[in-house]
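This note sets out, point by point, what may be read from the model shown below. Please consult the sequence and the coordinates alongside each paragraph.

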Amino acid sequence: MLREYLPVLLQVIVAILFACSALLVSVLVGKSGRRTRAKDTAYECGMLPQGEAPPRFSVKFYLVAMLFILFDLEIVFMYPWAVVFKEMVVESKLILWSMLGFI
């Protein structure tokens, strides 16, 4: 039984080693870089940044956007359900309650 899971275990070990080595290399290389005033300024296509930054969007905007995406994805899952509803309701009434639970 262990022979069946050996490739999966090996892949997990390799993934963990890769992640740890990537983090270690980024820390080592990142410490060698120096911060200067020119590097810390915003880059605007070679031009000096002028004026104020654009105003931030309100939290309501992001909330409405996330709700739209949520309900949009929910509708995508409802189309196949609606197609097979008539055939499935003859076999079992469970299909209606499962979709109501999903909603």
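1. Tyr-62 has a relative accessibility of 44% and therefore counts as partly exposed; buried means under 20% relative accessible area, exposed over 50%, and partly exposed in between, with a 1.4 Å probe and protein chains only. Residues are numbered from 1 along each chain as its sequence is written. The model is predicted, so local features need pLDDT of at least 70 and side-chain atom pairs count only at pLDDT 80 or more, whereas totals for chains, interfaces and linings use all residues; side-chain values use heavy atoms, with hydrogens and water left out.

2. Confidence. The mean pLDDT of the protein is 85, and 96% of its residues reach 70 or more; pLDDT is the predictor's confidence in each residue, from 0 to 100. Where pLDDT is low, predicted coordinates should not be read in detail.

3. Secondary structure. The protein contains four helices and zero strands, and the order of elements from the N terminus is α-α-α-α. Helices (H or I, at least four residues) and strands (E, at least two) are DSSP runs, numbered from the N terminus.

4. Overall form. The radius of gyration is 27 Å, well over the 13 Å that the globule rule gives for 103 residues, so the protein is more spread out than a compact globule. This radius is taken over C-alpha atoms, and the globule rule is 2.2 Å times the number of residues to the power 0.38. Along the principal axes, the C-alpha atoms fill a box of roughly 70 × 55 × 20 Å.

5. Of the 103 residues, 5% count as buried. The accessible surface comes to about 10,500 Å², and carbon and sulfur atoms account for 72% of it; the areas come from the Shrake-Rupley method with a 1.4 Å probe. There are 10 positive and 8 negative side chains, and the centres of the two sets lie 14 Å apart. Lys and Arg count as positive and Asp and Glu as negative, while His and the chain ends are not counted; the place of a charge is NZ of Lys, CZ of Arg, CG of Asp or CD of Glu.

6. Aromatic contacts. How many aromatic pairs does a search of the whole structure find? The search finds five. One of them joins Phe-57 and Phe-61, whose ring centres are 4.8 Å apart with planes at 20°, so the pair is stacked. Phe-57 also forms an edge-to-face pair with Tyr-62, at 6.2 Å centre to centre and 90° between the planes. Rings of Phe, Tyr and Trp (its six-membered ring) pair if their centres lie within 6.5 Å; planes under 30 degrees apart count as stacked, over 60 as edge-to-face and the rest as tilted. Phe-57, Phe-61 and Tyr-62 form one aromatic cluster. Phe-57 is exposed at 55% relative accessible area, and Phe-61 is partly exposed at 44%.

7. Separations in space. Val-25 lies in helix H1 (residues 2-32) and is partly exposed at 49%; Val-25 and Ser-58, 33 residues apart in sequence, are 38 Å apart in space, C-alpha to C-alpha. Gly-33 sits in the loop between H1 and H2, and 42 Å separates the C-alpha atoms of Gly-33 and Leu-70. Tyr-43, in the loop between H2 and helix H3 (59-91), is exposed at 68%; from Tyr-43 to Met-78 the C-alpha distance is 46 Å.
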